[in-house]
Amino acid sequence: MHEQLPSSASVGVSGLCVGPASFAAGFEEARQAMLGAAVLRREPSVSTFESLGAYKYLLRIVLEGGTRDATIDAVSRIADYDLRRGSALCTRSKEFLKRRGNVSSTAEALFVHQNTLRQRLRRIGELSGLDLRSDDWLMIEIAVKLVVLRTRLARQHPTHLLPRP
């Protein structure tokens, strides 16, 4: 059905709803799945709420007004730097964390020399105060995902999909 639409569209599908009492939660899940498809996949697609994985939790945090803490503030400084300079330090930190701090495989995945990656990691530390080698990786990884998600949402301005007052 999605392929037969006259123009591209994102479609969100909720989990199973049983009875009228579950419809409100189902509509909210479908809305978040649609938003997740548009923001995370960057192309119109059909997305289920369950297919969002961990982003179903993160998206809910962002949509409900988010949360602030020192790690999110630190990652936000990196994202702001990326936006001003056209750099990709958030992407580099995300890839480094994904590869559990392995400089060699991260450099290979990013198509950069290992020394270049080390320089970028130092720059990340200077900007944010974070030490990607010793700080809590889970906290940083969650903060990076939240900040990237929040940035993409703001950039795309889906005001009809953002938090409701």
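I looked up which element gives the most to the lining of the largest pocket: α7, with eight residues. I took helices as DSSP runs (H or I, at least four residues), numbered from the N terminus. The model is predicted, so local features need pLDDT of at least 70 and side-chain atom pairs pLDDT 80 or more, while totals for chains, interfaces and linings use all residues. Residues are numbered from 1 along each chain as its sequence is written, and side-chain values use heavy atoms, without hydrogens and water.

I noted a volume of about 470 Å³ for the largest pocket. A pocket is an open set of points on a 1 Å grid over the protein atoms alone, where a 1.4 Å probe fits, with protein on both sides within 12 Å along at least five of seven lines; lining residues have an atom within 4 Å of a point. Of the 19 lining residues, D82, C90, V148, T151 and R155 are the closest to the centre. α3 (70–85), α4 (89–98) and α7 (137–156) each give two or more residues to this lining.

Next I looked up R92, which is in helix α4. R92 is buried but has no salt bridge, and D82, the nearest side chain of opposite charge, is 7.8 Å away. Buried means under 20% relative accessible area (1.4 Å probe, protein chains only); a salt bridge needs a side-chain nitrogen of Lys or Arg within 4 Å of a carboxyl oxygen of Asp or Glu.

Last, I looked up I72 in helix α3. I72 is buried, with a relative accessible area of 6%.

Note on methods:
Points joined across faces, edges and corners; volume = space filled by probe spheres on them. Buried < 20%, exposed > 50% of the residue type's maximum accessible area, 1.4 Å probe, protein only. Lys, Arg positive; Asp, Glu negative; His and termini not counted.
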